[in-house]
Amino acid sequence: MSNIAIRVSDVSKKFKIFEDKPATLKDRILYKSKGVFQEKWVLQNISFDVSQGKMIGLIGRNGSGKSTLLKILTKILHPDTGKVEIVGRVSSLLELGAGFHMDFTGRENIYMNASIFGLSRKEIDGKIDEIIRFAELGPFIENPVRTYSSGMYMRLAFSIAVHVDPDILLIDEILAVGDNAFQKKCISRIENFKSQGKTIVFVSHDNGVMERLCDELYWIHESHLVEHGEPRKIIRNYMDFLNESEEKRLTAESESLAIPKENENVVPEDKAKSDRWGNKLVEISNVQIVDHKGIAKHYFEKGKSVTILIDYVASKAKIDKPVFGIGIFRMDGYCCYGTNTHIDNEKISLNENGVVEVSIEHLNLVAGEYYLDVACHHENGTPYDYITKALTFNVKSYEEEIGVAYLPHHWTHKGEPNQ
Amino acid sequence: MIKDWIDVFKYREFLKNSVSKDLRTRYRGSVFGFLWTFLNPLLMLVVYSILFSIVIKMQVDNYPLFLFSTLLSWNFFATSILSGSSIIVGSGNLIKKIYFPHEILPISIVMGGVVNYVYGLAILIPALCIYGYYPNINYVFLPVILIIQVILTLAVTFLVSSLTVFFRDLEHMLVIIVNALFYLSGVLFPLTTVPEEARWMFYYNPLATLMASYRDVFYYNKMPDMYTLLTIGLFSFLLLIIAQRIFAKLKLRFIEEI
């Protein structure tokens, strides 16, 4: 096929991780073994073709090998086995502003930097005005780069990189830098490239952008290519996988971080994560969140029903005016929802022990990580037992709404304005 | 192998820019700035003139010029080797981030050295004129000698820049080696003052031949020994081919070592 822009055939790459690397003559002679090292495969048997004009995305967790693959595509790294064939000029947005010289002016750095991408003087002369305009630097272009703010620096670097006029563009997670306006500009520039029929390989953790822009996604996990295909499907599978491993992680974490008991020696580290106070007339012995099937979990789907179970032990049979409360907080401490039995006008008379249940019909929170506070206190506010961050849990959602809570809604459209 | 050189040619703009960056930033922050490129050889000449006319008497006419006609080219060689040995390690940041033919780095060092040398001639030739050594027809050999020196220097710079990546001590060892070579290349004294039994060391040293050739042109106003010079030229060319092959082999592993 003649219209293949990138062909990666059976590429593998391993890194040597030296425990203590000898580099001097003495070390080489004394320790003939050349140092103790482990080999780590970062990429194994990766093969794929990208046709001209296609935009593909690479997704995967940190350390899965995405960036290494990009570096191999730019020829910064060389694969141990297999080969990469590329047709056309490659420009990479891996590291913006590499090779800038701080004492040179913006204009001088444009000449310097663009030449690293292989442009001739003539080509740069033809593009320099456009580069300066796109970078929005105005008169600052004649100032040394060391006087630039980081935003100006970024804009200049990005502007140069995208004006190299490549046939193939490699982009690594650059959208994570810069302010919103800059990000929008990056994305619209990328869309522009796409419409010009350039081939693009894109790495990002912004699944929304990936889904919108890419024609095909490749999912890399632990140095292997797991799956590739239509973006929506890959992202769904990838998210499911992430949720599953997150569930495992949270379960493992909660086992080691169970609610600290007062009468046990509590490790200070645990205390930092969870805090509790109160006079312990009523003690909360266990907190669980279960799904509609009654299974305790840390991962819940948005809008499904959940139940919070609070086990308690009362020190004496007669507790005066007890109130149970819950609070759901976003990880940044923002209270999403809080209520208690007093607000809801529920009267509870306690036994020696028992379970208080809060059933939430629809967990209408947007996707994210949350923590739960539970408390039992006297109606006048005297705390019996108050536990912050008793549990953390996640809400997952395939939609990407923003904000705090999901408000049930639907959209309609009428052809005519309302009468 | 040809492919590597074509690649370097494609990046000639970058090469040009890094040479000019080197020259412009070398004296950055100093009051005289770029002027130092000329001040440096001029002051050196003044120092040697005073030293060898008052403090030490050498059995050579106009000894400062005798010395100076070779010292500039020696400095070109020595600086290229010494700064070349750390250029790959020192450019780690660039190598890890952007693709470009790594050959550019040692080449730019040597090119910078050539430019500096040519600027130095602007001091050397007027100084020669003052003492009555006027430019003559033998100056046509100057480009030939210089080209051979560039090829030789480039070959050695390729070797030391790539080997230092894997064996960092080389950088420090080179200081000593270059220092010893200085005395073995006949920069300081005419070959006739060397005892007969030690002269072979100079015959087998391509640098000694180059230095003698420069001196023939500038100081003795005579044609250099072309047979020896061209033999050295051929040797340098072969060495360059081999050195580039070694460099090309080693450059694949640069990124993992720096």
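**Reading a two-chain model**

A: In chain A, 70% of the contacts with a separation of 6 or more join residues 24 or more positions apart. Keep in mind throughout that this is a predicted model.

Q: What is the secondary structure of chain A, and what share of its residues is buried?

A: Start with the element count, then turn to burial. Chain A comes to 9 helices and 18 strands. Of its 419 residues, 31% are buried.

Q: Which domains does the assignment give for chain A?

A: Take the bounds, then the distance between centres. The assignment gives domain 1 (4-241) and domain 2 (274-396) in chain A. The C-alpha centres of domain 1 and domain 2 of chain A lie 47 Å apart.

Q: How do I read the two faces of a strand, and which residues lie on each side of strand E5 of chain A?

A: In a regular strand, side chains alternate between the two faces of the sheet. In strand E5 (residues 90-93) of chain A, A:Val90 and A:Ser92 are on one side, with A:Ser91 and A:Leu93 on the other. These four residues are all buried, and both faces of E5(A) are covered.

Q: Which strand pairs with E5(A), and in what sense?

A: E5(A) pairs with strand E6 (residues 168-172) of chain A in the parallel sense, over 4 bridges. To place one bridge on the model, find A:Ser92, whose partner in E6(A) is A:Leu170.

Q: Which residues of chain A have a positive phi although they are not glycines?

A: Two cases can be looked at here. A:Asp10 has a positive phi of about 55 degrees and is not a glycine. A:Asp10 is found in strand E1 (residues 4-18) of chain A. A:Glu222 is also not a glycine and has a positive phi of about 45 degrees. A:Glu222 sits in the loop between strand E8 (216-221) and strand E9 (224-229) of chain A.

Q: Now chain B. What is its secondary structure, and how compact is it?

A: Chain B comes to 13 helices and 0 strands. Its radius of gyration is 19 Å, close to the 18 Å that the globule rule gives for 258 residues, so chain B is as compact as a globular protein of that length. The C-alpha trace of chain B spans about 55 × 45 × 35 Å along its principal axes.

Q: What share of chain B is buried, and what share of its contacts joins residues 24 or more positions apart?

A: In chain B, 38% of the 258 residues count as buried. Of the contacts in chain B with a separation of 6 or more, 79% are between residues 24 or more positions apart.

Q: Where is B:Met211, and which residues is it in contact with?

A: Locate the element, then burial, then contacts. B:Met211 is found in helix H11 (residues 206-218) of chain B. It counts as buried because it has 25 C-beta neighbours inside 10 Å. Leaving aside neighbours within four places in sequence, B:Met211 is in contact with B:Thr70, B:Ser73, B:Trp74, B:Ser185, B:Gly186 and B:Val187. The C-alpha atoms of B:Met211 and B:Ser69 are 142 residues apart along the chain and separated by 8.5 Å.

Q: Is B:Asn136 buried or exposed?

A: B:Asn136 counts as exposed, because it has 11 C-beta neighbours inside 10 Å. B:Asn136 is in the loop between H7 and helix H8 (142-166) of chain B.

Q: How many residues are in contact between the two chains?

A: Count each side separately. On chain B, 20 residues are in contact with 23 residues of chain A. H2(B) gives the most to the side of chain B that touches chain A, with 5 residues. That side divides into 8 nonpolar, 3 polar and 9 charged residues.

Q: Which elements do the buried residues of H2(B) pack against?

A: The buried residues of H2(B) are B:Glu13, B:Phe14, B:Leu15, B:Asn17, B:Ser18 and B:Val19. They pack against helix H3 (106-116) and helix H4 (121-135) of chain A, together with helix H7 (104-130) of chain B.

Methods
Residues numbered from 1 in each chain as written. Chains lettered and ligands numbered in written order. Predicted model: local features only at pLDDT ≥ 70, side-chain atom pairs only at ≥ 80, totals over all residues. Contact = placed C-beta atoms within 7 Å. Nonpolar A, V, L, I, M, F, W, Y, C, P; charged D, E, K, R; others polar. Domains from an automatic or database assignment. Buried ≥ 20, exposed ≤ 12 C-beta atoms within 10 Å, placed from the backbone. Rg over C-alpha atoms; globule rule 2.2 N^0.38 Å. Pairing = 2+ DSSP bridges.
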